[in-house]
Amino acid sequence: MFIGREKELSKLTQLYNTNTFQFPVIYGRRRVGKTALINEFIKDKESIFFTGLESTVSQNLENLSRAIHLYMGTKGEAPIYQSFQSALETIFELAENKRVIFVIDEYPYVAKAYKAFSSVIQTMIDKHKDKSKLYLILCGSSMSFMEEQVLGYKSPLYGRRTAQFKILPFDFTESRKYFKNFSDKDMAEIYGIVGGTPQYLLQMKDSLSVEDNVKLNILDPNSYLFEEPVNLLKQEVQKAALYNAIITAVATGSTKLSEIATKVGEETSACAICLKKLTSLGLVRKETPFGEKASKRTIYKIEDNLFRFWYRFVPENLSLLQNDMIDIAYHSVSAGMNTYMGAVFEEICKQ
């Protein structure tokens, strides 16, 4: 079931219909639906789909070779290309006279394994773009890598992209499309608990109550979402322990920089650096009084609802949850839910 992303699909199709070389970059947090968007776009089109692995150069080159030969219909065991450059030469040749989409998903994995990959792509683009009908899509989940190493001015690929798409979680109205049986109140609470990330919404079942969904999908130590915020954070930052402490401090009411630093026992300068990183990842947002560029009254809030819910309720109940006392832990959630939902309701109204 594919929901939403009409604007992105429309723009991707508009670029496709130019029949000239195009190079859109698609990035966003994990689980937000980037690959689903790409699959929906290419489902009726000629395409080569290559997913990067967090592995060696040779393993990634082997997988790219297989993807190319799969598209070409090569029979028998597919030969491995000698280099990424020769593989890309083949792809550009295939697209000389017809429209071919080439997708590199999880691009940061390949680029980290083979440091010169961006430079090789740049060379191929500069050599072939004027006579090519290739539709090259780079997609990645590492926000910092994509913004610095692909879109940043120091990147070899800077200035080559023809479009960029930062894929964000759904708002409340779009999230509502996933469910038919929740009441408006229940849907508001579900949105407040998991936000608008498609993969998280898919874990929720409108055949169950909000309480049962929370117990089954978040508070159960064996559930998909139980360790999701911590695991996602580890993939994006170093010194995850400090980031965990900062997010917990913000989620439990410490919203000013000085308060956060005091709560976690760190210098304000170190906390400021972490908060800047969390803001760039879309996990925290900075709010400054209207008309002021900088102010001691600046506050920080958790931007992502799953992170906000998880760090508000899970750490303080962790011992109970790890001892399978889920029902007792849920009493704490239930008692704090009305207060918790205040900010969520405000956000829904603003949307």
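Phe-21 is buried, since its relative accessibility is 8% (buried means under 20% relative accessible area, exposed over 50% and partly exposed in between, with a 1.4 Å probe and protein chains only). The model is predicted, so local features need pLDDT of at least 70 and side-chain atom pairs count only at pLDDT 80 or more, while totals for chains, interfaces and linings use all residues. Residues are numbered from 1 along each chain as its sequence is written, and side-chain values use heavy atoms, with hydrogens and water left out.

Phe-92 also counts as buried, at 3% relative accessibility. A search of the whole structure finds 18 aromatic pairs; rings of Phe, Tyr and Trp (its six-membered ring) pair if their centres lie within 6.5 Å, and planes under 30 degrees apart count as stacked, over 60 as edge-to-face and the rest as tilted. The rings of Phe-21 and Phe-92 form a stacked pair because their planes are at 25 degrees, with centres 6.2 Å apart. Phe-21 lies in the loop between α1 (6–16) and β1 (24–27) and Phe-92 in helix α4 (residues 84–94), so the pair ties together parts that are 71 residues apart in sequence. Helices (H or I, at least four residues) and strands (E, at least two) are DSSP runs, numbered from the N terminus.

The rings of Phe-309 and Phe-313 are tilted, as their planes are at 55 degrees, and their centres are 5.0 Å apart. Both residues, Phe-309 and Phe-313, belong to helix α16 and are four residues apart, about one turn of the helix. An α-helix has 3.6 residues a turn, so residues three or four places apart point the same way. Phe-309 is buried at 0% relative accessible area, and Phe-313 is buried at 0% relative accessibility. Elsewhere, one aromatic cluster is formed by Phe-84, Tyr-107, Tyr-114, Phe-117 and Phe-145.

Helix α18 covers residues 326–350; its 25 residues should span 36 Å at 1.5 Å a residue, and its end C-alpha atoms are 34 Å apart, which agrees (the expected span is 1.5 Å times one less than the number of residues). A kink of about 50 degrees in α18 is centred on Met-337, where the bend is the angle between axes fitted to the seven residues ending there and the seven starting there. Among the buried residues of α18 are Met-337 and Tyr-340. The charged end of Arg-308 sits over the ring of Tyr-340, 4.1 Å from its centre (NZ of Lys or CZ of Arg within 6 Å of the ring centre and within 35 degrees of the ring normal).
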